[in-house]
Structures are given as structure tokens and as C-alpha cells.
Amino acid sequence: QVQLVESGGGLVQAGGSLRLSCAASGRTFNSYAMAWFRQAPGKEREFVAAIGRYGTNTFYADSVKGRFTISRDNAINTVYLQMNSLKPEDTAVYYCAADKVFLPANYDYWGQGTQVTVSS
């Protein structure tokens, strides 16, 4: 069982940066691949980025490639999403997710989300 708690969301102007964090409980954090998703108002949840168990593999949605960076620190059971050059269309609730498989069809564990709002 893994519990995930996101933090770091907030209000930022377009062109600005934010770093999201996701803290995971448990002793087996490096058994899980991690990912970030987001859901904007009135839209379905969409994939943002994923990272393998040891951080060597990453994958990004085209919409964030070159602007966002996913990373992890297994020593403190945390995954990050560094978001640069933010745009108003990045406004959404951001969720982290965990699964034992890299890029599965469905993730087993989800956090509660953190709101990111980008003003124009």
C-alpha cells in the first residue's frame, strides 16, 4: 500500500515556474514507477509525465515536453515535477500516481491532487 501526498501548487503568472512535490509513504518507494497527471475544469484527466523506479527512464506528454521535468529522490520517497514557462492552459489539478509498472494502462495509487493556476 502506498499513500501519496502532493504539495507545491499555487497561483503563478504565465511564464513563471512552480515545483510540485509528491511524498510517498512506505519503505518500498523504489519499487514503484511514478507519474504526474492533471485535470482541468470540464476536461478529462490527462497524462503529464512519468519516471521509472530509479529515475533513468522518463516520458512526457507532448504538451509539456521541454518545459516540465520529472525527477525523484528515492532517499526521501519523493517525486517532483518542475514546471517552467507555464501557460494558462497548464491550469489544472495535478495528481501524482504510482504503479509497479512503468507507464501502465491504469495506475494503482493516486494522491488527492494540488491546484495549479496560471494567470495570463
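Is Ser85 buried, partly exposed or exposed? Ser85 counts as partly exposed, because its relative accessibility is 41%; buried means under 20% relative accessible area, exposed over 50%, and partly exposed in between (1.4 Å probe, protein chains only). The points below place this residue and others in the structure.

1. Basis of the note. This is a predicted model, in which local features need pLDDT of at least 70 and side-chain atom pairs count only at pLDDT 80 or more, whereas totals for chains, interfaces and linings use all residues. Residues are numbered from 1 along each chain as its sequence is written, and side-chain values use heavy atoms, with hydrogens and water left out.

2. Secondary structure. The protein has 11 strands and zero helices. Its pattern along the sequence is β-β-β-β-β-β-β-β-β-β-β. Helices (H or I, at least four residues) and strands (E, at least two) are DSSP runs, numbered from the N terminus.

3. Overall dimensions. Along the principal axes, the C-alpha trace spans about 40 × 25 × 25 Å.

4. Of the 120 residues, 45% count as buried. The accessible surface comes to about 6,300 Å², and carbon and sulfur atoms account for 46% of it; accessible areas come from the Shrake-Rupley method with a 1.4 Å probe, and for residues only the protein chains shown count as cover. Among contacts between residues at least 6 apart in sequence, 56% join residues at least 24 apart, where contact means heavy atoms within 4.5 Å.

5. Charges. The protein has 11 positive and 9 negative charges, and their mean positions are 5 Å apart. Lys and Arg count as positive and Asp and Glu as negative, while His and the chain ends are not counted. The place of a charge is taken as NZ of Lys, CZ of Arg, CG of Asp or CD of Glu.

6. The disulfide. The structure holds one disulfide, a term for a pair of cysteine sulfur atoms within 2.5 Å. The disulfide joins Cys22 to Cys96, with an S to S distance of 1.9 Å. Cys22 lies in strand S3 (residues 18-24) and Cys96 in strand S9, so the pair ties together parts that are 74 residues apart in sequence. The link is right-handed, with 45° about the S-S bond. Cys22 is buried at a relative accessible area of 0%, and Cys96 is likewise buried at 0%.

7. Asn77 is placed in the loop between strand S7 (68-73) and S8, and counts as buried at 15% relative accessibility. Leaving aside neighbours within four places in sequence, Asn77 is in contact with several residues, among them Cys22, Ala23 and Phe29.

8. Ala98 in strand S9. Ala98 lies in strand S9 and is buried, with a relative accessible area of 0%. Its contacts, apart from neighbours within four places in sequence, are Leu4, Tyr32, Ala33, Met34, Tyr107, Asp108 and Tyr109. The C-alpha atoms of Ala98 and Ser31 are separated by 9.5 Å, although these residues are 67 apart along the chain.

9. Loop residues with positive phi. Ser85 is found in the loop between strand S8 (78-83) and strand S9 (92-99); its phi is near 50°, a positive value in a residue other than glycine. Leu103 lies in the loop between S9 and strand S10 (109-110). Leu103 is not a glycine, yet has a positive phi of about 55°. Leu103 is partly exposed, with a relative accessible area of 37%.

10. Gly9 is in the loop between strand S1 (4-7) and strand S2 (10-13) and is partly exposed at 32% relative accessible area. Not counting residues up to four places away in sequence, Gly9 touches Leu20, Thr114, Gln115 and Val116. Arg27 belongs to the loop between S3 and strand S4 (33-39) and is exposed, with a relative accessible area of 86%. Arg27 and Val2 are 25 residues apart in sequence and 9.2 Å apart in space, C-alpha to C-alpha.
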